[in-house]
Amino acid sequence: MHAALSAGFVPELFGSTLVTWVLIGIGLYWAGLLALKQRGVLPEWIGTQGPIVTFHTKRGRDFLDWLAQPKRFWRAWTNLGVGIALVAMVGMFVFLLISAISALLAPQPTGIQQPQNVLVIPGVNDFLPLSATPGIVAGLFIGLVVHEGGHGLLCRVEDIDIDSMGVAMLAVLPIGAFVQPDEESSDAASRGGQTRMFAAGVTNNFAVTILAFLALFWLVGSVITVAPGAAIGGVVDNSPAEAAGIGEHDRITHVDGQAVADNQEFIDTLDEIDAGTISVTIDGEREATVDRAPIVVSTLSDGPAGLGLNERILSVNGEDVSTREDLVDAVGQAERVSITTRAADGSTETREVPIGASMQVLEGSPLADAGAPVDSFVVVTTADGERVHDGSALESLIEERDGESIELTGFLNGERVSFDVTADADATQFGPAVHSGISGMQVNDIGVQFYPVKTFHSVLGGDSPNGFGSLGETFFGKIFIALMLPIMAIAGMRFNFAGFAGGVENFYEVSSVLGEPAVFAIANILFWTGWINLNLGFFNCIPAFPLDGGHILRTSTEAVLSRIPGIEATRGMVRVVTTVVGVTMLATFLVMVFAPSVLH
């Protein structure tokens with residue numbers, strides 16, 4: 001039996017209540033299947049393999065015979081797919097090895113390495129919210145159909161008979177599909193014919209990925225635009241926004257009656273208004289009054305400032321502050337100040353904090369070449385004698401002085417330091433290393449976290465400013481970034497993108513007679529179809545049985561050994577190669593998933 005698997009099902013080691021109930025439900029389901037099977041009441045077209053039930057059918061073979069008529073075309077198509085599959089197989093082999101080594105060496109497991117995140121199950125996987133379920137189910141269904149349809153089609157192209165086709169279910173979840181070729185007919189087919197048949201599924205998955213993202217980028221670029229206003233992705237506890245009733249997925253469209261177009265314009269407008277109390281309009285309809293107070297809405301883990309999330313800044317050097325601009329004015333030219341804060345529990349604390357632009361020292365960066373320890377944080381307070389209060393000010397100065405030598409002065413581990421570097425506005429060591437905000441903290445007056453609506457819009461084909469540099473300007477670069485969108489938090493972004501669902505629809509507008517619900521539904525199906533087909537294709541290229549990569553490895557090994565003079569490609573020799581590679585892949589996969597949690 002050939003199978004296309006949508007995901008590996010791995011139990012959670014350390015305990016999520018939801019996962020526990022899922023496993024209990026699967027156990028009861030399995031017990032029920034065994035009871036029915038022992039009583040002989042299951043029809044012959046239903047099979048069981050552990051807790052997985054398979055539904056078999058012979059219908060559709062006449063349609064495949066008709067579709068397979070242009071055999072030369074389908075052989076040329078899948079010959080291209082064989083080359084792509086071989087490259088992907090090598091890539092997946094290297095990827096799993098590197099991931100396993102990284103998992104062993106990583107000081108702490110990342111979110112993506114948690115066992116439950118192997119499961120492509122919305123609500124169980126930390127990165128897949130329940131709101132994404134319709135798009136994921138549709139994308140998974142399309143992926144399985146085109147994958148197994150490709151195998152069935154090439155069976156008929158290569159004159160391989162089909163015993164049955166069907167789907168595999170874990171309870172109500174479709175986890176795979178299969179085509180069951182006739183064994184004698186398959187063995188009689190040429191080695192090239194077998195290889196093309198096994199490569200057909202992933203070839204179709206990759207083709208559907210490109211088509212889905214082409215359609216998605218066109219749809220977003222044509223009819224979906226960013227709605228005006230500041231997009232609120234979250235509201236921190238103990239904040240003025242929380243007290244004013246501002247919530248997640250609200251849009252602030254006006255401040256004191258003045259319209260704001262986007263997140264940055266909202267920030268600039270707040271900086272221009274000195275009043276401690278302001279009026280904001282939410283979604284162009286609802287009014288709210290906000291008593292401003294500087295509050296930390298995000299901060300670097302173990303960052304140089306030492307302030308925690310949700311802390312209100314009450315005073316600077318004994319001077320009360322009620323706005324972010326008050327804070328900057330109170331700092332003035334001082335490079336270290338005494339800041340008093342109040343935490344959510346009401347406790348207050350005063351500490352000495354350097355105020356400037358936080359830079360992480362990256363390997364090979366100008367700061368590292370100048371002697372700063374790699375991975376440390378330098379708070380740059382002056383650049384060539386010019387006072388720098390935050391990251392944006394330093395970035396602007398670097399752009400202005402591009403190519404020139406500048407002296408950066410600040411603090412490293414509490415000690416005053418100075419480094420001579422060459423400004424390079426295009427260097428990766430400068431751009432990502434400079435953290436926006438004050439000393440690595442994002443501070444605003446009302447306590448909201450901004451959703452990067454324009455960044456996501458640009459990646460998905462919109463005309464918003466691109467936040468990913470040259471990579472986000474190419475088609476395949478956009479696909480790579482889109483693949484990462486549901487897990488962007490591991491790259492340092494506060495928010496992931498899981499489709500136009502779950503409330504983020506409020507950040508976008510649609511200009512189509514179909515209306516917003518229909519357009520967003522189509523966009524979600526296209527997004528998840530492209531995302532799942534790409535993952536499904538790569539997953540099935542892992543060179544291990546029962547995946548396509550394992551079968552292609554076998555036929556490729558036979559072909560290579562048969563061409564070496566003096567060597568006869570016996571089944572035993574081929575089995576040794578495929579077993580070694582397969583066991584290696586299984587071991588690296590298990591290490592990648594479980595080692596971080598077990599070791600750390």
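K454 is partly exposed, with a relative accessible area of 30% (buried means under 20%, exposed over 50%, partly exposed in between; 1.4 Å probe, protein chains only). The model is predicted, so local features need pLDDT of at least 70 and side-chain atom pairs count only at pLDDT 80 or more, while totals for chains, interfaces and linings use all residues. Residues are numbered from 1 along each chain as its sequence is written, and side-chain values use heavy atoms, with hydrogens and water left out.

The whole structure contains 14 salt bridges (a side-chain nitrogen of Lys or Arg within 4 Å of a carboxyl oxygen of Asp or Glu). K454 is bridged to D262, with 2.8 Å between the closest N and O atoms. This pair links distant parts of the chain, 192 residues apart: K454 is in helix α12 (residues 453–459) and D262 in the loop between β9 (258–259) and α8 (263–272). Helices (H or I, at least four residues) and strands (E, at least two) are DSSP runs, numbered from the N terminus. D262 is buried, at 18% relative accessible area.

A salt bridge also joins R324 and D390, at 3.0 Å from N to O. R324 lies in helix α9 (residues 324–331) and D390 in the loop between β19 (386–387) and α11 (391–400), 66 residues apart. R324 is buried at 14%, and D390 is buried at 12%. In the salt bridge between E404 and R401, the closest N and O atoms are 2.5 Å apart. E404 is partly exposed at 36%, as is R401 at 22%. D65, R156 and D161 are linked in a salt-bridge network.

On the surface, I210, L211, L214 and F476 form a nonpolar patch with about 410 Å² of accessible area together. Patch members have over 30% relative accessible area and no salt bridge; like charges are joined within 9 Å, nonpolar side chains (Val, Leu, Ile, Met, Phe, Trp, Tyr) within 5 Å. Areas come from the Shrake-Rupley method with a 1.4 Å probe, and for residues only the protein chains shown count as cover. Helix α6 (residues 191–223) supplies the largest share, 3 residues. F476 belongs to helix α13 (residues 475–484) and is exposed at 58%.

Strand β13 (residues 312–316) has 4 of its 5 residues buried. Pairing requires at least two DSSP bridges between two strands. β13 runs antiparallel to β15 (residues 336–342), joined by 4 bridges, with R312 opposite R342. β13 also pairs with β14 (residues 319–320) in the antiparallel sense over 2 bridges.
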